[in-house]
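Dear colleague,

I am passing on to you the structure we spoke about, and I would be glad if you would look through it with the notes below beside you.

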Amino acid sequence: MKKNNRHFSKKAVQQRARINNVERTPAQHREKNFAKVNGGVFVYSKPLSVAELSEAINVPVPNIIKFLFMQGKAVTINQMLDDEMIGTICLEFGYDFKKEKIVDEAHFEEIEIDDDPSTLVERPPVVTVMGHVDHGKTSIIDAIRQSNVAGGEAGGISQAIGAYQKEHNGKKITIIDTPGHAAFTAMRARGASVTDIVVLVVAADDGVMPQTLEAIDHAKAAKSEIIVAINKMDKPGANPRKVKEELLAHDVIAEEYGGDVLMVECSAKTKDGLNDLLDAILLKAEMMELKANPNRYAIGTVLEANLDKGEGPKATLLVQNGTLNAGDFVVVGDIYGKIRRMVSENGGVLKTAGPSTPVSVTGLSAVPAAGDRFMAFPSEKQAKEIAEKRALEKLEKTRSGTSAMSLSDLNSLVTAGQVEDINVIVKADTDGSAEALKASLEKLSEDNVKVKVISASAGAISDNDVMLASASHALIYGFNVRPDARIKALAEEQGVEIRLHRIIYELLDEMKAAIKGKYKAEVVEQVTGQAEVRHIYKITHVGTVAGSYVTSGLLKNGEKVRLLRDGAIVYEGVLESLKRFKDDVKEVKEGYECGLKIASFNDVKEGDIVEGYEMVEKQ
Ligand code: GDP
């Protein structure tokens, strides 16, 4: 051990700590926690006590305590040391030091990339264009793209891959090709957020419309920056001032009104103002200081994917950090593969693709889903192992149900102190009641739990509401509106809870209870249907089977039933078996005959009524 009397400032220690804070994955180093000296460098992975550090670097405990005391820090032998203290002690006693983070690469979307700032370089902003139908989203995307191609000839741009890069003033901008919020939300619902800047297109002659507001909600929920393109300025009725005022009312505030949202007047038709729009995007990007480290394994998101007849599974990937190389082994969602062919939006073959670059790749073992995350790995073996682990975890997750938020979930999370914001979407019969509910719900916020109404509007509950709820873990409150069967099914599929109310105070009481962690779902009985018993069959070893005819609704196997005779309840139990002819069936509908058996009950008689019912959460 060498004695070293150099003095290290706090900043110097922090800087060294950052440089040495390399990621080490379990596959590379299966030991979970370690602390040892290796070639003059002390390598450790978790906080240590004075005693543990003393043993690991072979410096007596009193020496460490004395040194810290001289630094103005009184510590005891079992006290845990923070990284800065460990670093200072190591340098004092002649060791370099390195903390190695353990990351589970199977959950690579959760890896927090904390690269040394000196390794970071500027990356192009990723832009999505949104807005009301017919306001000119596609025209703007195309107009910008066409000016890419020399002479504006359209032929060279036919190779659409879901995103393209535009060069402007020597800098690149990545533009996602599919306009509209369906793709955007579907992606966010899968936990992927790829967009830095949303260009909100508003037609100057039409102003703010319902989908403009939806787009604002989406952009805000995703924490993307908004730039407004006031389009169709060439039209006689263009009124940009009115657009700005309408946006002001929805908290999208132009600079001249004291806000920080850049608004650009343009025309996709005449191309006027499109350069200003690109300038604004670059300006915003500069303010956002978008950076990435090109010298790491690539990590990013699938923008779209399909099965190509000739080339097999094909995916457009957006590299978000690192560099993707042809020949890299990648895990995409829960499949893996080797990047065989990588092409740019113009069809040019690429060897490498840096941060914010969209590329189309082949070589995957199956077609991934849009919104799936991907990461490159050093070996095929590792990629395969990780893909298998992820597939298994996905299966387990599907089995255990969805992870979306319900009022009951919320309740337990609040009780456990694990939730700070309750996201809510309000749909009401009128604008007035939507606004009133928004204000009243937000007023219920307490210090530890806030109610955030991420969207409040009048009208029926739509696909868009469900997707926004799914992406933002929000509940939907319907006030004097009811979802149709299709929306109900979509909500169920997405795991979104829709709560319906007709009385304001009941709605508010329910939310109040949830905030306090005291919400109790009120369960009510719901009759599914009735059947009339027409024949009795006594079957040895089975018991009494009632040949019946379903007179209303339906009966479901396994549900609760009660037996009615002359209007009185004779027995309550469970439907143990339900058959159509010889086959076991899950349910039998009105107008059909069936054979049924009630568990542990054989005293059924002709003319009895079997009523099936379920207990459901009260709406
Ligand atoms: P999207 O539904 O938002 O993608 O809108 P489109 O780009 O399809 O445009 C809708 C209609 O508006 C088309 O007929 C376009 O030609 C027209 N349009 C788009 N931008 C402009 C513009 O700047 N000026 C004029 N006059 N028409 C435009």
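**Helix packing in the model**

In helix H8, which spans residues 240-248, the buried residues include Pro 240, Val 243, Lys 244 and Leu 247. These residues cover an arc of only 95° around the axis, which means that they lie on the same side of H8. An α-helix has 3.6 residues a turn, so residues three or four places apart point the same way. Among the elements that cover the buried residues of H8 are strand S12 (197-203), helix H7 (210-221), strand S13 (225-231) and strand S14 (263-265). Please bear in mind throughout that this is a predicted model.

Turning to helix pairs, the axes of helix H2 (residues 50-57) and helix H3 (residues 61-70) come within 9 Å and cross at roughly 120°, and H2 is therefore oblique to H3. The crossing in which H2 passes H3 is right-handed. On the H2 side the contact involves Val 50, Ala 51, Leu 53 and Ser 54, which meet Val 61, Ile 64 and Ile 65 of H3; by class, these residues are six nonpolar, one polar and no charged.

Helix H12 (residues 431-443) packs against helix H15 (residues 504-515) at an angle of about 30°, their axes being 10 Å apart, so that H12 is roughly parallel to H15. The crossing of H12 and H15 is right-handed. Leu 437, Ser 440 and Leu 441 of H12 make the contact with Ile 504, Leu 507, Leu 508 and Met 511 of H15, and the residues in this contact divide into six nonpolar, one polar and no charged.

Key: Residues numbered from 1 in each chain as written. Predicted model: local features only at pLDDT ≥ 70, side-chain atom pairs only at ≥ 80, totals over all residues. Heavy atoms only, no water. Buried < 20%, exposed > 50% of the residue type's maximum accessible area, 1.4 Å probe, protein only. Helix = DSSP H or I, 4+ residues; strand = E, 2+ residues; numbered from the N terminus. Arc of directions from axis to C-beta. Contact = heavy atoms within 4.5 Å. Axes fitted to C-alpha atoms, helices over the stretch in contact; angles between N-to-C directions. Parallel < 35°, antiparallel > 145°, perpendicular 65-115°, else oblique. Left-handed = near helix turned anticlockwise from the far one by under 90°. Nonpolar A, V, L, I, M, F, W, Y, C, P; charged D, E, K, R; others polar.
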